[in-house]
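Subject: Structure handover

Hi,

Here is the structure I promised to pass on.

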Amino acid sequence: MEVARPQLIIHRWILVFVLLCLFSFEAQCFYLPGVAPQDFLKGDPLMVKVNKLTSTKTQLPYSYYSLPYCTPKQIVDSAENLGEVLRGDRIENSPYEFHMREPQMCNVVCRTVLNAKTAKELKEKIEDEYRVNMILDNLPLVMPIKRPDLDTTVYQHGFHVGLKGQYAGSKEEKHFIHNHLIFTVKFHKDPQTDAARVVGFEVRPFSVKHEYDGKWSGKTRLTTCDPHAKRTVTSSDSPQEVEDKKEIIFTYDVEFEESDIKWASRWDTYLLMADDQIHWFSIVNSLMIVLFLSGMVAMIMLRTLYRDISKYNQLETQEEAQEETGWKLVHGDVFRPPINSDLLCVYVGTGVQFFGMTVVTLTFAVLGFLSPSNRGGLMTAMLLLWAFMGVFAGYASARLYKMFKGSEWKKITLKTALMFPGVVFLLFFVLNALIWGEKSSGAVPFGTMFALVFLWFGIAVPLVFVGSYVGFKKPAIEDPVKTNKIPRQVPEQAWYMNPVFSILIGGILPFGAVFIELFFILTSIWLQQFYYIFGFLFIVFVILIVTCAEITIVLCYFQLCSEDYLWWWRSYLTSGSSALYLFLYAAFYFFTKLEITKPVSGMLYFGYMLIASYAFFVLTGTIGFYACFWFTRLIYSSVKID
């Protein structure tokens, strides 16, 4: 009873904390910011916000007001969560003024005259194909593009800052800015009341060299775009050139269009996937791999192992036992602690932390709690869950460490709490310095960096110690067989059982089970598209777990049959080696799908993919390790050992 008391106290405190949350914050505990519907009456103001400028060519976001665009009287930052800041989102108010169901024509926002510096900045952004992002009622701005080949409309996020082109009869390439925007606000009207909800936000950009009579003043009427004369912009036949001393007049139209789309379905067009068939192919491909491996495991477990165990248990004489070969012969060494057992404990604990974070995140995502409408929610949830899963990391590493007869539990706990996050934070800090050097809005501010450090040292580290304390207090896991004092010599192995070859072969199938889904994930991250097929991802994740477990068990069995008992690290590295193939595929994707030319952007890509591959290694390695751990304990507890 004395042993159970600390756990009972911890469980009670957790229960008290949850109840306090429920009763003190009431519904706010479950309210998802940014996803509540908002009703607008006719004439109600609609707040248009601007977001970062993005480019798939550079992967470096910039603030909207870093270019000479029109500014409101006072620029106000919208409150951003941790995930939004890390994504480089910089949401601010804009000078665009909309009123619900009140169309506008040729509204002049402002007039600006370029100088050498601003003209150069605009040309650079046009050259790098930067896009302007805006938000209305939490909906991102999209540009509809009709595809005649598929007879469908594709939506692109935001609109290009400008375009490059040539005047007729000239070979010189010029830069033109999109300075006239035709906004279309789609709304769904409530049949019972006069209220309406925003269900779409589209734009058609044009480049127009506006003209006017006389000198410019606040009340000057344009001759190229005049609401009184019903003269509107319909093309970019006389575009606005970007050059030093050039005058640019920014204008916009607002159109309102009633839609049958209901508010609950307004994100469907943004998340429309035209490649569901490829996803189903991915699932079928992965399932075939799993069925193949399951067949092998079933054959080993039901036929070979059953035969082995029956034979070992029916041996009549000691002479017959000595003549036997195979996995039974290494029973006295199979549970001998491995070299660098401390490091293995740290990696296994970190993998458990990752596994817990991934399972909970995917569960919430599948249930719809982490939809794209809640910007930055996915990343914020992952960071918070990582910190709270520190309890399981400490528990898992301490349990394994005690099984290896370790005694310095505080030392192993500190390594578990600091090693993996330390490596990732160092890489992240270097990459952030590169982004900061480019003066990009993607650079994480000092305050956010401090919040990340607090999350690490203020929450994650103490929780790792709590988990480790509980884990180390428990009785050590007992081995099913006794370990000999003198280690047995491992016989010379066949070429195909070479550790490096075996480990590299083991990583191919887990990677093969996920590589099609990986393509969509990379596309959503680096080509700035929405990823919202978490149902597919959850299925693929389950398949990944099964594949990692099965391939590790198969190769572990072959290894033990070859009288090689050094399985601890190899079981971790066998499935963990799939991370190597992930990184190689990321390099292939970089050279075949992306148009990144700047060295800093390339370093960012490979830096972040290195972090992702490292995390994948820890996750898959831990799955393989626990599968092998369960398998060896099962088979050696099934045979009679004298």
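The notes below cover the cores, the salt bridges and a surface patch.

This is a predicted model, in which local features need pLDDT of at least 70 and side-chain atom pairs count only at pLDDT 80 or more, while totals for chains, interfaces and linings use all residues. Residues are numbered from 1 along each chain as its sequence is written, and side-chain values use heavy atoms, with hydrogens and water left out.

Cores

A nonpolar core here is a set of buried Ala, Val, Leu, Ile, Met, Phe, Trp, Tyr and Cys residues joined through side-chain atoms within 4.5 Å. Buried means under 20% relative accessible area, exposed means over 50%, and partly exposed lies in between (1.4 Å probe, protein chains only). The largest core has 139 residues. Tyr 96, Phe 98, Met 134, Phe 183 and Phe 201 have the most contacts inside it. Helix α16 (residues 599-636) gives the largest share of this core, 18 residues. Helices (H or I, at least four residues) and strands (E, at least two) are DSSP runs, numbered from the N terminus.

Beyond its neighbours within four places in sequence, Tyr 96 is in contact (heavy atoms within 4.5 Å) with residues including Val 48, Tyr 64, Met 134 and Tyr 252. A second, separate core has nine residues, among them Tyr 212 and Ile 249.

Salt bridges

The structure holds 18 salt bridges. The criterion is a side-chain nitrogen of Lys or Arg within 4 Å of a carboxyl oxygen of Asp or Glu.

- Arg 101 pairs with Asp 194, closest N and O atoms 3.1 Å apart. The two sit 93 residues apart, in the β2-β3 loop and the β11-β12 loop. Arg 101 counts as buried at 16%; Asp 194 is partly exposed at 38%.
- Glu 127 pairs with Lys 164 at 2.8 Å. This pair links helix α3 to strand β9 (residues 162-165), 37 residues apart.
- Glu 124 pairs with Lys 120 at 3.1 Å. Both lie in helix α3 (residues 116-127), about one turn apart. Lys 120 is exposed at 52%.
- Lys 52, Arg 87 and Asp 89 are linked in a network.

Surface patch

Trp 495, Tyr 496, Phe 501, Ile 505 and Ile 508 form a nonpolar surface patch with about 540 Å² of accessible area together. Areas come from the Shrake-Rupley method with a 1.4 Å probe; for residues, only the protein chains shown count as cover. Patch residues have over 30% relative accessible area and no salt bridge; like charges are joined within 9 Å, nonpolar side chains (Val, Leu, Ile, Met, Phe, Trp, Tyr) within 5 Å. Ile 508 is found in helix α12 (residues 508-526).

Best wishes
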